[in-house]
Structure formats: structure tokens, C-alpha cells
Amino acid sequence: MLELRNVTKEFINNKKEEVAVLNNINLKVGAGDFLSIVGPSGSGKSTLLFIIGALMNPTEGEVLLRDKDIYDTRPAYRAKLRLQEIGFVFQTFNLIPYLSALDNVAVPAVINMRSRNSAVERAEDLLKRFGLGARLDHKFSELSVGERQRVALCRSVINDPKIILADEPTGNLDPAMTHEVMALFQELNKNGHTIIVVTHEEDVAAYARKVMHLKDGKFTNGTIL
């Protein structure tokens, strides 16, 4: 389903030198996989996730989704991928603070040309499924950290994407809430979603069915084939 071929990402540092954050990454992820990518801060794992998610062009290499290089396409095509086929969950949630939980979840569906009524109905169903039925009208400041993360999860799946990408999704959570959120990812995976989580925590990575370790921009334990 997803393949990275010889992906390298370089940035220019303050000394105007090219620094390789990712170096010749090769990876294959099948439909329905649940993969964790583990690495310390600065290992390149978030950069890798952004490249997989059509948010950041690689310096070299190919990112193939169903055998099509997503960076050999128009920006509008990549935007459509991010809206319809790739869901994102961020450590900082990226919720709109002045909107209710219900409206935050509904926004991607409205943008995807779903009618507002059907978008709100779908958002309400998801929030209730994730245990937030009593929080539909609550804004960001009225939600706990764990509730905010569950709202972000609901938003990520409202357009029923094939792939869900999560960047340190439990970084702000206590152990009990970490288990709850990772169990939700496992449930989504059982329902057919392909999940890729990046984390610095081995115990979080253990919820996945496949684990890769990233250090200094390279996988240290081979390539998933």
C-alpha cells in the first residue's frame, strides 16, 4: 500500500550547511498494518511522518501510495490525499480553540463537501463512540488533555481515511490515558485502518504489531518488507 524508496531529507542549518535528517530510508507498509517507529528526539521520526503524510517533500527518493509517487503530483492532489485518505493525530492536538468538540471533528467532513448536517451527525456518532457524548459542546479550554486527544482522534477518522498517522500521540498523557488512547488505535486498526505511530516510548510502541527503530535518520533494525 505504502512504500518509501531511498528517501533522504536535508535541511540548511544556521551555518548554511546541508544536514541530513533522514538518510536513505526504505520502508514498506501493507494495508491494515499497525506500525510504530521509535526513536529519540532528533532522530528524524516526525520528519519521516510528515513526508509519509504528504506534508513535506523529501530531498531525494520516492513516496509511493498504491504505486504512485505522491510527490510527483500537483499540490492539489496531495491536499486531497490529506483530506480524504490520510488522517493526522498530533501531540499538540491542533484543535480550533473557539470551536466546540463537535464542530472541531466536523470541520474536515464539511471541507470534504459533506453536508453540514451529515458532517455533524457523523461527528456526534464518533464522539459518542469514543466516550465523549457528554462533551459535544465543550470548547478546547473545557476539555481535559485526554479528552482533547480523543477529539483529535475523532477528527482524524471522520472522512474514513485508509491511513492514520500519529506524531507522539501520548506525549502529554498519563499512563492510564496513554493505555486508553493506544487501545483506541488498536480498535481502529482492527476496523481496517492502517496505523503509523511515531514515539520515543518503547511501551507505547509495543501496542503496535510491527516496530521499527530510528536513530540519526536511519533505521537500525532493517526494513519492513
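Which residues have the most contacts inside the largest nonpolar core? They are Val105, Leu127, Val151, Leu153 and Phe185, and the core they sit in has 37 residues. Keep in mind that this is a predicted model.

**Overall build**
- You're looking at a protein with seven helices and ten strands.
- The radius of gyration is 17 Å, which agrees with the value near 17 Å that a compact globule of 225 residues would have.
- Along the principal axes, the C-alpha atoms fill a box of roughly 50 × 40 × 40 Å.
- Take contacts between residues at least 6 apart in sequence: 70% of them join residues at least 24 apart.

**Surface and charge**
- Of the 225 residues, 48% count as buried.
- The accessible surface comes to about 10900 Å², and carbon and sulfur atoms account for 48% of that area.
- Charged side chains are split into 28 positive and 28 negative, with the centres of the two sets 3 Å apart.

- The largest core here, with its 37 residues, draws two or more residues from each of α3 (101-111), α4 (116-129), α5 (145-157), β7 (163-167), α6 (175-190) and β8 (194-199).
- Helix α6 gives the largest share of this core, six residues.
- Leaving aside residues up to four places away in sequence, Val105 touches Ala123, Leu126, Leu127, Val151, Cys154, Arg155 and Ile158.
- There's also a second, separate core of 29 residues, and Val29, Ile37, Val63 and Ile70 are among them.

**Helix α1**
- Helix α1 (residues 45-52) is largely enclosed by the rest of the structure, because six of its eight residues are buried.
- The buried ones are Lys45, Thr47, Leu48, Leu49, Ile51 and Ile52.
- After α1 comes Ala54, which has a positive phi near 65°.

**Other positive phi values**
- Phe93, in the loop between β6 (86-90) and α3, isn't a glycine but has a positive phi near 70°.
- Phe93 has a relative accessible area of 5%, so it falls under the 20% cut-off for buried.
- Glu168 lies in the loop between β7 and α6, and its phi is positive too, about 50°, although it is not a glycine.
- Is Glu168 buried or exposed? At 8% relative accessibility, Glu168 counts as buried.

Definitions and conventions: Residues numbered from 1 in each chain as written. Predicted model: local features only at pLDDT ≥ 70, side-chain atom pairs only at ≥ 80, totals over all residues. Heavy atoms only, no water. Helix = DSSP H or I, 4+ residues; strand = E, 2+ residues; numbered from the N terminus. Rg over C-alpha atoms; globule rule 2.2 N^0.38 Å. Buried < 20%, exposed > 50% of the residue type's maximum accessible area, 1.4 Å probe, protein only. Contact = heavy atoms within 4.5 Å. Areas by Shrake-Rupley, 256 points an atom, 1.4 Å probe, with all protein chains shown as cover. Lys, Arg positive; Asp, Glu negative; His and termini not counted. Charge placed at Lys NZ, Arg CZ, Asp CG, Glu CD. Core = buried A, V, L, I, M, F, W, Y, C linked by side-chain atoms within 4.5 Å.
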